[in-house]
Amino acid sequence: MRSAVIGCGRMGAFPSESMRRFAPRCWFPLSHAEAIQRHPGLELSALCDANPRSLQRAADAYKVNRTYSDYRRLIDEVRPQLVGIATRTIGRAQIIQHAADNGVRALHVEKPLCNSARELATLARTFARADLFCTYGTIRRFMRIYETAGNLAQSGAYGVLREIRVNMGRGMLYWTHPHSVDLILYIGGERSLEAVQARLGNVVFGGSPLEITSDPFIESASIYFEGGLAGHITQAPGCDLVLSCSDGEIAVENDGRGIRISARQGEDPYLSRAAYDGLPETPAEEGTLVPISHLARCLAGDAAEARLNGRSKAHILQGQTILFAMIQSHLEQSRLVRVTDVDPDMTIYAKTGENFA
């Protein structure tokens with residue numbers, strides 16, 4: 001299947017050196033281009049980037065002959081079935097829309113999805129198409145270790161799941177926390193979302209009170225589901241996911257290095273902590289290859305995978321809505337906000353220094 005990558009920077013083609021040095025094995029292959037090339041049923045047919053040096057570097061590294069500076073020409077001339085979109089957020093909604101309107105049937109899109117609530121409303125109508133399959137750069141939900149932790153928390157062996165905590169340090173709303181929100185939605189499963197509450201820092205306004213130019217950091221944020229389940233984003237370090245149940249706790253530590261279980265032993269009222277030794281063997285390659293492989297199966301007509309993708313698309317849209325709702329909550333003195341309360345004029349440009357998320 002013909003495939004292409006639009007955006008040949010860090011996520012499109014060249015993961016950062018710190019990721020290569022420190023991230024667990026489950027994160028690789030990470031870049032869109034590498035994941036596509038590793039899939040036996042896909043051909044990396046073309047690359048696109050507005051920066052000619054970045055484009056040439058990627059073309060040389062991946063031995064791709066067809067290169068473009070204009071994504072419209074790439075889509076019109078190459079007619080790819082699958083496209084990875086790894087550009088800056090500004091303009092990303094237009095790329096998604098053009099691809100979907102011009103024959104691309106599968107998209108792996110970096111986070112965040114878009115800059116404004118109006119763009120999101122348009123994308124929601126596009127994502128509703130049954131013949132369009134989409135995955136997102138929040139790839140932890142595709143990793144076996146996070147699936148295992150979720151299954152343990154839902155198994156009943158540790159009681160009822162009551163709280164989800166995501167520790168990402170002092171992360172920024174657009175740069176970091178699409179990952180946090182998506183993990184909470186993934187573990188929350190089919191539960192209905194009730195409300196969002198947040199307190200942010202470094203909120204810099206543009207031309208109106210609903211235009212945010214900065215990428216605020218989250219001081220604290222909570223997502224509430226039906227049935228009493230709550231998800232909390234903290235400033236604690238470690239890149240940990242902690243699932244608190246009524247009789248124990250499951251934690252994915254250090255971005256996927258392992259699982260720790262805290263549970264009662266016998267009559268001891270205190271929890272004992274130990275590494276979980278029941279993890280299935282991690283595949284040699286996970287990372288972005290897993291969502292890319294999922295998209296390839298959707299394109300090949302796998303009905304079960306297509307149904308799963310419907311939930312994935314819903315969570316992508318819901319996750320972006322939650323980011324806007326967090327801003328709305330902060331602007332209204334951190335009150336509880338329903339996602340339907342987000343002002344349609346909400347816009348965030350998420351600029352840090354000279355760079356946009």
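Select leucine 47 to begin: apart from residues up to four places away in sequence, leucine 47 touches Val5, Cys8, Leu55, Ala58, Ala59, Val64, Arg66, Thr67, Tyr68 and Leu74, where contact means heavy atoms within 4.5 Å. The model is predicted, so local features need pLDDT of at least 70 and side-chain atom pairs count only at pLDDT 80 or more, while totals for chains, interfaces and linings use all residues. Residues are numbered from 1 along each chain as its sequence is written, and side-chain values use heavy atoms, with hydrogens and water left out.

**Stop 1: leucine 47**

Colour strand E2 (residues 43–48), where leucine 47 is found. Helices (H or I, at least four residues) and strands (E, at least two) are DSSP runs, numbered from the N terminus. Is leucine 47 buried or exposed? With a relative accessibility of 0%, leucine 47 counts as buried; buried means under 20% relative accessible area, exposed over 50%, and partly exposed in between (1.4 Å probe, protein chains only).

**Stop 2: the whole protein**

The secondary structure comes to ten helices and 17 strands. The radius of gyration is 20 Å, close to the 21 Å that the globule rule gives for 357 residues, so the protein is as compact as a globular protein of that length. Here the radius is taken over C-alpha atoms, and the globule rule is 2.2 Å times the number of residues to the power 0.38. Along its principal axes, the C-alpha trace spans about 70 × 50 × 40 Å.

Buried residues make up 55% of the 357 residues. Of the contacts between residues at least 6 apart in sequence, 68% join residues at least 24 apart.

**Stop 3: an aromatic pair**

Select phenylalanine 14 and tyrosine 62 and show their side chains. The structure holds one aromatic pair. Phenylalanine 14 and tyrosine 62 form this pair, which is tilted, with 6.2 Å from centre to centre and 45 degrees between the planes. Rings of Phe, Tyr and Trp (its six-membered ring) pair if their centres lie within 6.5 Å; planes under 30 degrees apart count as stacked, over 60 as edge-to-face and the rest as tilted. The pair links distant parts of the chain, 48 residues apart: phenylalanine 14 is in the loop between strand E1 (2–6) and helix H1 (17–22), and tyrosine 62 is in helix H3 (residues 52–62). Both phenylalanine 14 and tyrosine 62 are buried.

**Stop 4: helix H5**

Select residues 92–101. Eight of the ten residues of helix H5 are buried, so this helix is largely enclosed by the rest of the structure. Which residues of H5 are buried? They are Arg92, Ala93, Ile95, Ile96, Gln97, His98, Ala99 and Ala100. Their cover includes E1, helix H4 (71–78), strand E4 (82–85), E5 and H6. After H5 comes glycine 103, with a positive phi near 95 degrees.

**Stop 5: helix H7**

Move to residues 144–154, which form helix H7; its buried residues are Ile145, Tyr146, Thr148, Ala149, Gly150, Leu152 and Ala153. Show the elements against which these residues pack: strand E7 (161–167), helix H8 (177–188), strand E12 (240–245), strand E13 (248–253) and strand E14 (258–264). Glycine 156 follows H7 and has a positive phi, near 90 degrees.

**Stop 6: details of the backbone**

Most residues other than glycine have a negative phi, and most peptide bonds are trans. The following selections depart from these patterns.

- Select phenylalanine 28 and proline 29, which are joined by a cis peptide bond with omega of about 0 degrees. Proline 29 lies in the loop between H1 and helix H2 (32–38).
- Select lysine 111 and proline 112, where the peptide bond is cis and omega is near -10 degrees. Proline 112 lies in the loop between strand E5 (106–109) and helix H6 (117–127).
- Select asparagine 202, which is not a glycine but has a positive phi of about 60 degrees. Asparagine 202 is in the loop between strand E8 (193–201) and strand E9 (211–214), and counts as partly exposed at 45% relative accessibility.
- Select glutamine 333, another residue that is not glycine, with a positive phi near 60 degrees. Glutamine 333 is in the loop between helix H10 (303–331) and strand E16 (347–352), and is exposed, with a relative accessible area of 68%.
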